[in-house]
Amino acid sequence: VGAGAMGGGIAEVCALAGHTVLLQDVDDPTVQAGYEAVIQRLSDDPAVEDHTAVTARITPVNADASIDAPVDLVIEAVPEDPAIKQAVLSSLDDRVHGETIVATNSSSLSVTALAEAAPHPARFCGIHFFNPPRRMELVELIAHEAVAPETIETAASFATGLGKTTITAERDTAGFIVNRMLLPMINEAAWMQADEGLSSAVIDHTARERLGFPMGMLRLADFIGLDVIAAILH
């Protein structure tokens, strides 16, 4: 649910692994634009041998469209706004069955709070892909007090089946695991530039050459989006 960069990227990963995917967004123009972006990325990638077969596994639908049958897994990937996410999660009753797992791709919002809006909190968890989903190997799973252990186990099995490596945040804490470490580093890099006058080139070069990051801290901040970073740190 959500056909933007993250939702579309997650759809690609799932389709490449052989899953049948419904890519949903609020209306036809929005979901079609996301679907066309997926087609473009797959067709431009020489590593994808048959991009037509992969995209054929993805069906774009709008939020009001009826579907043939409830699905086995829902991954919510809408903007990092609690109200939007809660509205989406609370609207899923007709799309889930007794064993459907519903997950949020949130990078920082409380999974516990979001679970209250999910159809069945015991079958709700965080499945956090990193951007871009096809290139980033790690998937972060987030538990909460009401989650059933088998929900996390199934989510881990699903992510492993996509060729991903998983880590599990057993407690729903701010930033989970990755962003709890990463965002203070990005924030500190911004303070170094603002307060100490260090150039972005020096900061990013140091992060790459001395700390081993594939991308400098400030470039990474731009890639993630400063609005997203501000929301996470807040």
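Figure 1. Val-111 is in contact with Thr-104, Phe-124, Cys-125, Gly-126, Ile-142, His-144, Asp-172 and Phe-176, leaving aside its neighbours within four places in sequence. The model shown here and in the other views is predicted. Val-111 has its place in helix α5, which covers residues 111-115. Its relative accessibility is 1%, so Val-111 counts as buried. Arg-41 is 70 residues away from Val-111 along the chain. The C-alpha atoms of Val-111 and Arg-41 are separated by 30 Å.

Figure 2. Phe-176 sits in the loop between β7 (165-169) and α7 (178-196). Phe-176 is not a glycine, yet its phi is positive, at about 60°. The relative accessible area of Phe-176 is 3%, so this residue is buried. Phe-176 is also one of the residues in contact with Val-111 of the previous view.

**Figure 3. Ile-167 in strand β7.** Ile-167 lies in strand β7. Is Ile-167 buried or partly exposed? With a relative accessible area of 27%, Ile-167 is partly exposed. Not counting residues up to four places away in sequence, Ile-167 touches Leu-138, Val-139, Glu-140, Leu-141, Ile-177 and Val-178. Ile-177 is 10 residues from Ile-167 along the chain, and their C-alpha atoms are separated by 8.6 Å.

**Figure 4. The largest nonpolar core.** This core has 32 residues. Which of them have the most contacts inside it? They are Leu-23, Ile-58, Cys-125, Ile-127, Phe-129, Leu-141 and Phe-158. At least two residues of the core come from each of α1 (5-16), β1 (21-25), α2 (28-44), β5 (124-129), β6 (138-142) and α6 (149-161). Helix α1 gives the most, with six residues. Ile-58 is in contact with Ala-11, Glu-12, Ala-15, Val-21, Leu-23, Tyr-35 and Val-38, leaving aside its neighbours within four places in sequence. Another core, of 18 residues, lies apart from the largest one. Among the residues of that other core are Val-74, Leu-109, Ala-117 and Ala-118.

**Figure 5. Ala-155 in helix α6.** Ala-155 has its place in helix α6. Its relative accessible area is 1%, so Ala-155 is buried. Ala-155 touches Ile-101, Cys-125, Ile-127 and Leu-141, not counting residues up to four places away in sequence. Arg-123 is 32 residues from Ala-155 in sequence. In space, Ala-155 and Arg-123 are 9.9 Å apart, C-alpha to C-alpha.

**Figure 6. Gln-24 and its link to Arg-95.** Gln-24 is found in strand β1. Its relative accessibility is 9%, so Gln-24 counts as buried. The side chains of Gln-24 and Arg-95 are joined by a polar contact of 2.4 Å. Gln-24 is in contact with Val-1, Gly-2, Ala-3, Val-31, Val-61, Asn-62, Ala-63 and Arg-95, leaving aside its neighbours within four places in sequence.

**Figure 7. The cis peptide bond at Pro-132.** Where is Pro-132 found? Pro-132 is in the loop between β5 and β6. The peptide bond from Asn-131 to Pro-132 is cis. Its omega is near 0°.

**Figure 8. Packing of helices α8 and α9.** Two packed helices are described by the angle between their axes and the distance between the axes. Helix α8 (residues 200-209) packs with α9 at an angle of about 95°. Their axes are 7 Å apart. The two helices, α8 and α9, are therefore roughly perpendicular to each other. From α8, Ser-200, Ile-203, Asp-204 and Ala-207 meet Met-217, Leu-218 and Arg-219 of α9. The contact of α8 with α9 has four nonpolar, one polar and two charged residues.

**Figure 9. Packing of helices α9 and α10.** Helix α9 (residues 217-224) also packs with helix α10 (residues 226-233). The angle is about 95°, and the axes are 6 Å apart. That angle makes α9 roughly perpendicular to α10. Which residues make the contact? Helix α9 brings Ala-221, Asp-222 and Ile-224, and α10 brings Leu-226, Val-228 and Ile-229. By class, the residues of this contact divide into five nonpolar, no polar and one charged.

Conventions. Residues numbered from 1 in each chain as written. Predicted model: local features only at pLDDT ≥ 70, side-chain atom pairs only at ≥ 80, totals over all residues. Heavy atoms only, no water. Axes fitted to C-alpha atoms, helices over the stretch in contact; angles between N-to-C directions. Helix = DSSP H or I, 4+ residues; strand = E, 2+ residues; numbered from the N terminus. Parallel < 35°, antiparallel > 145°, perpendicular 65-115°, else oblique. Contact = heavy atoms within 4.5 Å. Nonpolar A, V, L, I, M, F, W, Y, C, P; charged D, E, K, R; others polar. Core = buried A, V, L, I, M, F, W, Y, C linked by side-chain atoms within 4.5 Å. Buried < 20%, exposed > 50% of the residue type's maximum accessible area, 1.4 Å probe, protein only. Polar contact = N/O pair within 3.5 Å; in protein donor to acceptor, adjacent residues only side chain to side chain.
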